[in-house]
Each structure stands twice: as C-alpha cells, then as structure tokens.
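Have the sequence and the 3D view open as you read.

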Amino acid sequence: FSPSTTNLNTNYIPSPADTTAGSVTIYLTTTGNGNCFPTIDSMVINFTPAPLVNAPNVSVCRNNPIANLLGYSSTGTGTWTTLGSGVFNPSTSVPNPTYTPSTADTTAGSVMIIYTSTGNGGCNAVSDTLLLTFSSIPNVTAGTSQVVCANNSSVTLSGTSSTSSGTWTSSGTGTFSPNTINGNYLPSAADITGGVVSFTLTTTNNGGCNAVSDVMTLTITPGPTSAAGADQTLCANNANVALSGSITIATGGVWSSSGTGTFTPSTTSLNTTYIPSSADTTAGSVTLYLTTTGNGNCNPTLDTILINFTPAPLVNAGANIFRCKSSPDANLNGYSSTGTGTWSTTGTGAFNPNNSTLNASYVPSTADTLSGSVILILTSTNNGTCNEVIDTLVITYQPKPIANFLAISKCVNAVTT
C-alpha cells in the first residue's frame with residue numbers, strides 16, 4: 001500500500017503473484033473503536049491480462065528494401081512508429097503494412113520499428129520493437145572485355161558473383177558451353193561477321209535481393225588470309241615455279257612443299273621461286289603451301305597451289321648414217337613428240353623439201369663430203385611451255401670402192417696360179 005495501510009485514500013500495488021493469481025481481496029478494518037468491535041469490509045480486485053504485442057525482426061536487401069511487417073496485438077489493434085524516416089503503407093494502424101525505408105535508413109544499415117498496442121481498456125499500452133536490417137546488394141563482375149580472332153574465337157568467360165552463381169546472355173547468336181560463371185562461348189558466323197558481341201552476367205540465387213548484372217564486350221578481329229596464287233601447269237624441262245603469294249593481317253608467311261624441291265631465295269619470301277626436284281617432276285605434280293606467320297592471337301592460315309608437270313618433248317633424229325661419197329644423199333626419219341621439228345646442220349648441205357619436214361632428205365655439199373662427215377640436229381618446235389629439245393645424228397661419207405687387178409696370158413688348159 002502507498003503511502004501506507006492507515007491512509008484511507010491509498011494505492012495498492014499488486015505483486016506479480018497477485019496479477020498472476022488473477023485477483024486479490026483487500027480488507028478495510030476500522031481502528032480506534034473504543035468499546036466496540038472493529039468492523040471489516042472487503043473488496044475484490046480482478047486483474048485482466050496485459051496486452052501482448054509481437055513484432056518479429058525483418059531482414060531485406062538494399063536493392064529490394066520494402067519490408068513486409070507482421071505485427072500482432074492481443075487487443076486487436078496497434079500502431080507503428082519508426083526511429084528512421086521511412087513510410088508505412090497503407091497506414092501505421094494496420095497490423096501488416098509494408099515499410100518503405102528512406103535512403104538514410106538503408107545507408108544506416110538498419111532501423112528500429114516499434115509496434116504499440118491500442119484499444120488497451122484499463123491497461124497501459126504495450127510495445128515491441130523489431131530490427132529491420134538491410135543486407136548487402138549482390139556483387140557481380142563479367143570480367144574485362146576481350147579481343148579474339150575470327151579463326152580462334154572460342155571465349156573463356158571469367159565472371160564472379162557474390163551469390164556464387166549466375167547466368168550469361170549475349171547480344172549474339174553463339175552458344176554457351178556450359179552457361180556457368182566460368183563457362184565458354186562459341187561465336188556464331190553472324191557474331192564473327194558482326195565483329196562485336198556484348199555479354200551480360202546476371203546473378204542467380206539472390207535470396208531477397210533483386211538480380212544484379214554486369215556487362216563485358218567481346219571484339220572479334222578478322223583472321224589472317226593467305227593467297228598462294230593460281231594453280232600452274234609447267235613443263236618438266238622448264239619447271240621452275242615463279243611464286244607471288246600474299247597475306248593479310250599476319251606479319252609474314254612461309255612456303256612449304258609436298259615434294260623435295262627448294263625455294264630460292266628463301267621459304268619466307270612471298271615472291272620466291274620453287275625449283276622442283278627430279279622426284280617432283282617425275283611424280284607429275286607437287287603441292288605448295290603458303291602458311292601465315294606472326295598471327296598474334298589468331299590461328300595460322302594456309303593456302304595451297306597445285307603445280308602440274310607435263311612431260312618434256314621427246315626428239316629422235318634417228319641412227320647414225322653411212323653414205324658413199326658417190327651417192328651421198330641421206331633419207332632422214334626424225335621424230336618429235338610435239339609433232340613438229342626443224343633440222344639444222346653443222347655443214348653446208350640442204351634439206352629437201354625443207355628443214356621442217358621430219359622425213360626430209362639431206363643433200364650434202366661438196367665440203368660436207370670432203371670433210372668426211374656432218375652432224376645433223378633435230379630440234380623440237382611447238383614446245384608450249386617447254387624448252388626445246390634436240391637430238392643429233394652423224395652422217396659419215398665413205399670413198400667409193402676401187403677395183404685393182406693384173407691380166408696374165410695363159411694357154412688353154414694351162415693351170416693358172
């Protein structure tokens with residue numbers, strides 16, 4: 001009792017046991033009764049339960065910060081207040097409003113929100129305080145921009161995500177293999193033609209946060225080209241190949257051969273000469289390769305040229321001829337695989353009907369027969385790309401026979417010795 005039990009107008013302060021019991025009886029007994037008995041009166045004080053209020057803590061993401069509040073009051077009503085500067089929607093008097101924090105709230109990292117009972121009857125209002133915390137926004141990096149070559153364009157992706165997962169999208173039409181943070185991307189032909197592809201890495205497993213993205217750019221540069229030149233057909237006896245190669249993008253090129261010939265002045269000179277070996281010309285063809293060098297991040301590129309070798313002309317002047325000086329004209333029987341040829345002589349005779357008839361006859365001059373022999377040369381004509389080919393024969397002029405004998409007289413039936 002306060003201030004005391006003897007003060008008629010006093011306050012009774014119940015103990016926890018009283019309120020727990022739900023009621024208590026208070027007695028007022030008279031004092032100073034003289035020769036009278038004291039008189040007692042009583043009253044019962046009933047205790048109703050105090051309001052119960054509950055406001056559980058909430059955690060939201062800074063980039064998705066609107067919080068759903070779950071308030072409870074045993075009185076059925078209550079009101080929300082904040083120690084921050086956010087806004088309740090639709091109002092502070094609904095038990096389950098949303099709270100939209102201010103920038104100051106999210107910057108602070110947390111805010112205290114209080115739910116207080118209303119409609120308390122004879123009870124004092126009761127409050128509960130929740131802590132609204134703002135978790136960090138997911139962090140994602142798509143990696144640095146990359147430059148690849150059109151002929152070596154597979155891209156290794158190196159993203160990072162604070163959520164430990166994410167998915168890629170691209171502005172192109174290539175394929176991801178697999179579509180993970182550290183996957184690979186194979187550009188399509190359209191990507192390579194376009195030259196630029198943008199990649200976006202977006203976080204997944206974001207919890208209550210909104211997804212976060214980052215962008216990187218892939219630049220696809222043209223690949224090197226190699227042009228060895230057009231295929232050629234050359235003659236086996238005129239087979240040196242003049243080469244005039246060209247390259248783009250790369251800094252140089254190198255020649256190689258399927259055969260065993262040599263390049264002069266070198267294999268690294270784009271304008272060089274290939275000198276085929278006998279094995280090359282015998283084989284009938286050889287393939288030459290021009291491969292780019294100094295390719296940077298590109299794969300080397302090669303181009304080929306096919307060199308075909310046609311046979312050299314075949315020429316046969318015929319066997320050597322022996323003629324009598326008294327009958328010196330010689331019939332010739334020449335052959336040329338080109339179908340034509342021309343005769344010439346080391347002497348001063350003449351060919352009949354002319355020197356372009358393979359089966360002409362040779363009419364020697366007096367000087368030819370006096371010298372005792374002459375060399376005739378058959379040279380191929382209509383050689384195409386071939387060098388001309390010659391063959392020779394020798395005509396030897398022999399003196400005409402001389403008969404020499406003595407006449408002796410003998411008798412008939414005599415033995416001659």
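This is a predicted model: local features need pLDDT of at least 70, side-chain atom pairs count only at pLDDT 80 or more; totals for chains, interfaces and linings use all residues.

Strands here are DSSP runs of E with at least two residues, numbered from the N terminus, and two strands pair if DSSP finds at least two bridges between them.

Residues are numbered from 1 along each chain as its sequence is written, and side-chain values use heavy atoms, with hydrogens and water left out.

Now widen the view around S37 and S38. Both belong to an open sheet of four strands in the order S31-S38-S37-S34, with mixed pairing. At its edges are strand S31 (321-324) and strand S34 (341-345), each of which pairs on one side only. From one strand to the next the twist averages 25°, with axes taken as lines fitted to C-alpha atoms and angles running from 0 to 180 degrees between N-to-C directions.

Next, turn to strand S29 (residues 302-310), which pairs in the parallel sense with strand S22 (residues 232-235) over four bridges. Within this pairing, Cys235 has Thr310 of S29 as its bridge partner. S29 also pairs with strand S28 (residues 285-293), this time in the antiparallel sense and over seven bridges. There, Tyr289 has Thr304 of S29 as its bridge partner.

How many disulfides does the count come to? Taking a disulfide as a pair of cysteine sulfur atoms within 2.5 Å, the count comes to three.

Stay with Cys235 for a moment: Cys235 forms a disulfide with Cys386, the sulfur atoms being 1.8 Å apart. The torsion about their S-S bond is about 95°, so this disulfide is right-handed. Because Cys235 lies in strand S22 and Cys386 in the loop between S37 and S38, the pair ties together parts that are 151 residues apart in sequence. Both Cys235 and Cys386 are buried, where buried means under 20% relative accessible area, exposed over 50%, and partly exposed in between (1.4 Å probe, protein chains only).

Another disulfide joins Cys149 and Cys298, with sulfur atoms 1.9 Å apart. This link is right-handed, with 100° about the S-S bond. Cys149 sits in strand S13 (residues 146-149) and Cys298 in the loop between S28 and S29, so to speak distant parts of the chain, 149 residues apart. Both Cys149 and Cys298 are buried.

Cys61 and Cys209 also form a disulfide, their sulfur atoms lying 1.9 Å apart. This disulfide is right-handed because the torsion about its S-S bond is about 95°. The pair links distant parts of the chain, with Cys61 in strand S4 (residues 58-61) and Cys209 in the loop between strand S19 (196-203) and strand S20 (213-221), 148 residues apart. Both Cys61 and Cys209 are buried.

With the bonded cysteines of the protein chain numbered in sequence order, the pairing reads 1-3, 2-5, 4-6. Finally, look at Cys324, which counts as partly exposed because its relative accessibility is 23%.
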